[in-house]
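Subject: Structure for your files

Hello,

Here is the structure I said I would pass on. My notes follow it.

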Amino acid sequence: MAFIHIPKPWQLPESRATPEAAFWNRRKFIKTLVGAGIGASATALTACGSGGKGGSDIDPGLEKTLGRSLNNFTPNPDFQDAGRPITEQVYASRYNNYYEFGGTKNIWQAAQKLPTDPWTLEVGGLVKNPRKYDLDDLTRRFPLEERVYRFRCVEAWAMVVPWLGFPMAALMADVEPTSAAKFARFTTFFDDQITPGPAWEFALNLPWPYVEGLTIEEMANDLAFFAVGLYGRTLPKQHGAPIRMVVPWKYGFKGGKSIVKIEFLAEQPTTYWNVIAPNEYKFEANVEPDVPHPRWSQATERIVGSGTNPFNWERQDTLIYNGYGDYVADLYA
Ligand SMILES: Nc1nc2c(c(=O)[nH]1)N[C@H]1C(S)=C(S)[C@@H](COP(=O)(O)O)O[C@H]1N2
Ligand SMILES: [Mo]
């Protein structure tokens, strides 16, 4: 497979990226993680600043929240260096937004109720070949790649995640959208017996299910990705098992989790956060450091898991399109 190498902004000499010496050896890291199980340092997040601990109090039961090992993937060489260290999985997988399971970052246990097997992803609308993919299709039908992407939440925290999955373009090639298709709507899992929503949901009457949308050009862009795994394993439920969207030049809320339906449409779909607060969460929602959220600046971001104090993560500058302008800027020219 031929990969074209485009240097990222953080690879340019003037880049203010983390010095190379600070990079973690990720292969070694993954081995350590798999060998040791996981969970101990999660207490740094949930137990009010007890700090990073050693491996002594690891609960082996937590390991099953991490999915099963995948080995049928190829690292995509163009997306291995994200200019920052990969976030430790104990942070990425214990600090989540998944409002169906609650309104805090600490939903990873509640999310284990998500029923993912069997699963059907239905793809239809303006396509030549409507399809239904089952759980097995998601990890076997399309060649899996690993891509290390920067991730930026609209709340101004950021991390770096080694996703496993396939380009959205691969699924588009399978279903063949017609020329009338201008947008895609992505609908995520919802069942009011299983996904209660946040405690304050009663007051708000939230517009479930969580729905996201992209233009057809955005979906066809090389960066647009469906993740079925991360850190060498199938996707943990708290990250949106068994399949979620990853659009790294946009704010994290554009990346719908646990997708059950994709429809190709002629008109722009309404989307969850845009319905809730249209002046705060745009349909486009590209990462733009110069465009503040109405309630906070987007000029800098907190790096999840950095430093030793979980309540004082280090801040770095936000990059336009989250650093992926070479791939996507022409979409918005
Ligand atoms: N279905 C669904 N998808 C969702 C969300 C959600 O609440 N429900 N939260 C979004 C937001 S705001 C972010 S930042 C990311 C968080 O992804 P992570 O928990 O895997 O880091 O998921 C996005 N996808
Ligand atoms: Mo977010």
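Helices here are DSSP runs of H or I with at least four residues, strands are runs of E with at least two, and both are numbered from the N terminus. On that basis the protein chain has 9 helices and 13 strands. Please keep in mind that this is a predicted model.

Overall figures

The protein chain has 333 residues, and 54% of them are buried. Its accessible surface is about 14900 Å², with 54% of that area belonging to carbon and sulfur atoms. Taking contacts between residues at least 6 apart in sequence, 73% join residues that are at least 24 apart.

The ligand

Ligand 1 takes up the space of the largest pocket. There are 18 residues around ligand 1, and those that come nearest are Tyr99, Glu100, His239, Gly255 and Lys257. On the nitrogen side, a polar side-chain atom of Glu100 is 2.8 Å from a nitrogen atom of ligand 1. On its own, ligand 1 has 530 Å² of accessible area, and the protein covers 99% of it.

His239 also turns up in the surroundings of Ser93. Ser93 is in the loop between helix 3 and strand 2 (120–125). With neighbours within four places in sequence left aside, Ser93 is in contact with Leu66, Trp108, Pro236, Gln238 and His239. Its relative accessibility is 0%, so Ser93 counts as buried.

Cis peptide bonds

Which residues does a cis peptide bond join? One such bond joins Trp208 and Pro209, with omega about -5°. Pro209 sits in the loop that runs between helix 6 (201–204) and strand 7 (211–215).

A cis peptide bond also joins Ala241 and Pro242, and omega is about -5° there. Pro242 belongs to the loop between strand 9 (233–234) and strand 10 (244–246), and Ala241 is in the loop between strand 9 and strand 10 as well. Ala241 has a relative accessible area of 4%, which means that it is buried, the limit being under 20%. Outside the four places on either side in sequence, Ala241 is in contact with Leu114, Thr116, Trp119, Leu235, Pro236 and Ser258. Ala241 and Ile259 are 18 residues apart along the chain, and their C-alpha atoms are separated by 8.3 Å. Pro236 is a contact of Ala241 and also one of Ser93.

Positive phi values

Glu176 is not a glycine, yet its phi is positive, near 55°. Glu176 is placed in the loop between helix 5 (168–175) and strand 6 (183–188). Is this residue buried or partly exposed? Glu176 counts as partly exposed because its relative accessibility is 33%.

Ala285 is not a glycine either, and its phi is positive at about 50°. Ala285 lies in the loop between helix 8 (272–276) and strand 12 (300–303). In this case the relative accessibility is 9%, so Ala285 counts as buried.

Two buried polar residues in loops

Asp78 is in the loop between strand 1 (73–75) and helix 3 (89–92). Its relative accessibility is 6%, and therefore Asp78 counts as buried. The side chain of Asp78 makes a polar contact of 2.5 Å with the side chain of Tyr327.

Ser306 is in the loop between strand 12 and strand 13 (315–317). It is buried, with a relative accessible area of 10%. Leaving out neighbours within four places in sequence, Ser306 is in contact with Trp313 and Glu314. What lies 2.9 Å from a polar atom of the side chain of Ser306? That is the backbone nitrogen of Glu314. Ser306 and Glu88 are 218 residues apart in sequence, while the distance between their C-alpha atoms is 9.1 Å.

Regards

Conventions
Residues numbered from 1 in each chain as written. Chains lettered and ligands numbered in written order. Predicted model: local features only at pLDDT ≥ 70, side-chain atom pairs only at ≥ 80, totals over all residues. Heavy atoms only, no water. Buried < 20%, exposed > 50% of the residue type's maximum accessible area, 1.4 Å probe, protein only. Contact = heavy atoms within 4.5 Å. Polar contact = N/O pair within 3.5 Å; in protein donor to acceptor, adjacent residues only side chain to side chain. Near = heavy atom within 4 Å. Areas by Shrake-Rupley, 256 points an atom, 1.4 Å probe, with all protein chains shown as cover. 1 Å grid on protein atoms, 1.4 Å probe; cavity = no way out; pocket = protein on both sides within 12 Å on 5 of 7 lines; lining within 4 Å. Sits in = over half its atoms within 2 Å of the grid points.
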